[in-house]
Amino acid sequence: MGIVTRGLTEITVVGEDDTGLIAEVTSLLFERSINIEDLDQAVREGVFRMTMRVDTSEMVTTEEKLREDLTELGDELGVDVQVRFPSDRETQTIAVLVTKESHCLEALFEAWANGDLGADIEVVIGNHDDLEPLAAKYDVPFHDIGDEKGTPDEQQLLDLLAQYDADLIALARYMRILSPDVVFRYESRIINVHPSLLPAFPGASAYMQAIEEGVRIAGVTAHYVTTDLDQGPIITQRAFNVPDDATEEELQQIGQPLEAEALIEAIKLHLNDEVNVHRGRTKLRDPEETSAQLGAPEKLDQLNPDRPIDGLGEFVAEDDGEIEADD
């Protein structure tokens, strides 16, 4: 899994798995002098996904014609093909998915209003309508795609995401699992925040899991979404001490501000193209030029002891005599 590299065109193919799909698409690109810089493909629950990052700077066609040709090929093969040229991403936008918790959405709106987000919030999509008034306050369209039980209509979700064509999808405490049909279409463009120090306590009720396991330190994690629940590459984390006899509600009060902080930090890093993913781990492209807090504060390192560690025995034992322990 990789992150979109500016200057390259991104092509995503999603549909029912079948033989020959990769060859058909790559042959079309080769015929138009388009060089493939990166290709990644996967199949999950019968759904095929291929993501390519290609150099279209010397292609022997136009952007409009390439879109048409790939769409026609997709129709023939029974797959959906999306194309995103570098010019499509000059004004970055975000689609936010929510359920009922407001703290992350509120923080995103405040950062946007203050000019600190670096992108526009284009739409808010919820599986309940509880947060519609908050979206209305900032004059952002809100769409409720859930039924009475909050079960989302994924086809409506896909239609809305295609309509708004956001650069990034932020899950601001969206309490539903996205199917491969959604995740594959937006590979490396969905960021979630989870209330635990992943990989510990994935899934629902993470704060209660922390209490039940008796941990002393809990936290939150912002990560890229993959088809494996709460196992995508970690971007940012925040940690906090768990008070004795803390309730789930008390941990929520401590953790929610950190959830918002970690999510916004991760979003900024992604939008500024400051992180990439290598073998499942995110890394800063230029650590010296980025002041982001990926994990615990640096001052924590200064509080931790620096010895003893293996290999220092020769420096500790300055004489040949044995040191006898006190009785």
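**Strands, helices and pockets**

Modeller: I11 stands opposite V83 in β4. Strand β1 (residues 9–16) pairs with β4 in the antiparallel sense, over six bridges. Strands pair if DSSP finds at least two bridges between them. Helices (H or I, at least four residues) and strands (E, at least two) are DSSP runs, numbered from the N terminus.

Modeller: Some ground rules. This is a predicted model: local features need pLDDT of at least 70, side-chain atom pairs count only at pLDDT 80 or more, and totals for chains, interfaces and linings use all residues. Residues are numbered from 1 along each chain as its sequence is written, and side-chain values use heavy atoms, leaving out hydrogens and water.

Biologist: What order do the strands take in the open sheet of four?

Modeller: The order is β2-β3-β1-β4, with antiparallel pairing. β2 (35–44) and β4 (79–84) stand at the edges with a single partner strand each, so one side of each has no neighbour in the sheet.

Biologist: Which strands does helix α1 touch?

Modeller: Helix α1 (residues 21–31) packs on the sheet and touches β1, β2, β3 (47–55) and β4. Contact means heavy atoms within 4.5 Å. The direction of α1 makes about 20° with that of β3. Axes are lines fitted to C-alpha atoms, for helices over the stretch in contact, and angles run from 0 to 180 degrees between N-to-C directions. Helix α2 (residues 63–77) also packs on the sheet, touching β1 and β4.

Biologist: Switching to β10. How many of its residues are buried?

Modeller: Seven of the eight residues in β10 (residues 217–224) are buried, meaning under 20% relative accessible area with a 1.4 Å probe, protein chains only. Four bridges join β10 to strand β9 (residues 190–194), antiparallel. V193 stands opposite A222 in β10. Seven bridges join β10 to strand β11 (residues 234–241), also antiparallel. T221 has Q237 in β11 as its bridge partner.

Biologist: And the largest pocket: which residues lie nearest its centre?

Modeller: Y174, H194, G203, L229 and D230, out of 34 lining residues. A pocket is an open set of points on a 1 Å grid over the protein atoms alone, where a 1.4 Å probe fits, with protein on both sides within 12 Å along at least five of seven lines; lining residues have an atom within 4 Å of a point.

Biologist: Which element gives the most to that lining?

Modeller: α8 does, with four residues.

Notes: Buried means under 20% relative accessible area, exposed over 50%, partly exposed in between (1.4 Å probe, protein chains only).
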